[in-house]
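Please keep the 3D view open as you read.

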Amino acid sequence: MSVHPSSHAAPSGRKPITLHRLREMHAASEPISMLTCYDAAFARVLDHAGVDCLLIGDSLGMVLQGLDSTLPVTLSDMAYHVRCVSQGNRSAWIIGDLPFGSYQQSPAQAMESATALMQAGAHMVKLEGGDWTVDTVHFLTQRGIPVCAHLGLTPQSVHALGGYRIQGRDEQAAATLRLHARQLAEAGAAMLVLELMPSAVAAAITASLPIPTIGIGAGADCSGQVLVLHDMLGLGHGKQPRFVRDFMQGSGSIDAAIRTYVSDVKARRFPDPKLHAYL
């Protein structure tokens with residue numbers, strides 16, 4: 001596959017994905033496809049393959065920088081990679097992660113950090129955390145910045161959570177997740193990532209909210225799905241979590257693998273409730 005850096009044409013027949021379009025998809029129960037993306041070359045490939053949302057995740061710390069966690073990733077790192085992705089993308093919705101330490105201090109700090117990512121080319125910012133982020137979500141959305149919230153396993157809090165563990169398995173923890181999801185939606189979050197939780201918990205949250213949920217290790221009943229790009233291309237290191245599927249198996253190219261991912265998410269063939277979910 002050749003990629004032409006000078007090409008500025010949008011994929012044939014594909015209109016730009018906007019927040020309004022994402023809301024239409026959610027209302028029509030059309031699953032939303034999302035993958036992480038960190039550079040212009042892959043942004044072109046994902047965009048042309050029909051991926052709805054490109055997430056510049058702070059996972060780049062582990063995937064690109066070889067770190068043990070996302071914690072050392074800086075706002076400058078994130079802005080650089082958001083800018084790279086925005087240069088290669090023409091029609092997908094771009095979401096930039098607010099990295100650890102860039103929004104926890106105050107809503108004003110979050111606004112400054114979100115401004116940096118939006119000016120670099122993000123259409124939306126993502127932040128992790130439950131009820132303590134509600135004021136920040138409200139502050140940002142009232143100032144015109146779309147926000148994606150993130151509940152369940154929140155990697156920036158991995159040490160406080162005791163490692164990469166499934167969240168919400170007992171009723172009290174599940175009830176807390178449901179409460180925080182509702183609070184974040186009411187505060188103005190336009191999207192919610194649900195990571196590493198029992199399928200039934202994610203399904204209950206999804207059914208209760210007026211906004212789309214995007215699952216990763218959260219079962220098949222979310223409004224959409226996301227995976228780390230390198231994991232779904234079989235480039236992950238060591239034993240992969242059960243929610244990861246290697247889409248390169250049986251595919252003749254990276255483009256074909258990504259198109260299969262989009263197709264399988266849209267047709268609800270992925271994730272498989274028996275293979276990729278947690279009870």
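Let's begin with what lines the second largest pocket: sorted by class, its residues are seven nonpolar, eleven polar and one charged. Keep in mind that you are looking at a predicted model. To find the pocket by its secondary structure, look for β5 (147-152) and α7 (171-187), each of which supplies at least two lining residues. The largest share comes from α7, with four residues.

Now turn to the largest pocket, which has a volume of about 790 Å³. Of its 30 lining residues, Ser59, Met62, Glu195, Val228 and Asp231 are the closest to the centre. By class, the lining of the largest pocket has 14 nonpolar, nine polar and seven charged residues.

Finally, let's visit serine 91, in the loop between α4 (75-88) and β3 (93-97). Is serine 91 buried or exposed? Its relative accessibility is 1%, and buried means under 20%, so serine 91 counts as buried. What does the side chain of serine 91 contact? The side chain of aspartate 47 is its partner in a polar contact of 2.5 Å.

Definitions and conventions:
Residues numbered from 1 in each chain as written. Predicted model: local features only at pLDDT ≥ 70, side-chain atom pairs only at ≥ 80, totals over all residues. Heavy atoms only, no water. 1 Å grid on protein atoms, 1.4 Å probe; cavity = no way out; pocket = protein on both sides within 12 Å on 5 of 7 lines; lining within 4 Å. Points joined across faces, edges and corners; volume = space filled by probe spheres on them. Nonpolar A, V, L, I, M, F, W, Y, C, P; charged D, E, K, R; others polar. Buried < 20%, exposed > 50% of the residue type's maximum accessible area, 1.4 Å probe, protein only. Polar contact = N/O pair within 3.5 Å; in protein donor to acceptor, adjacent residues only side chain to side chain.
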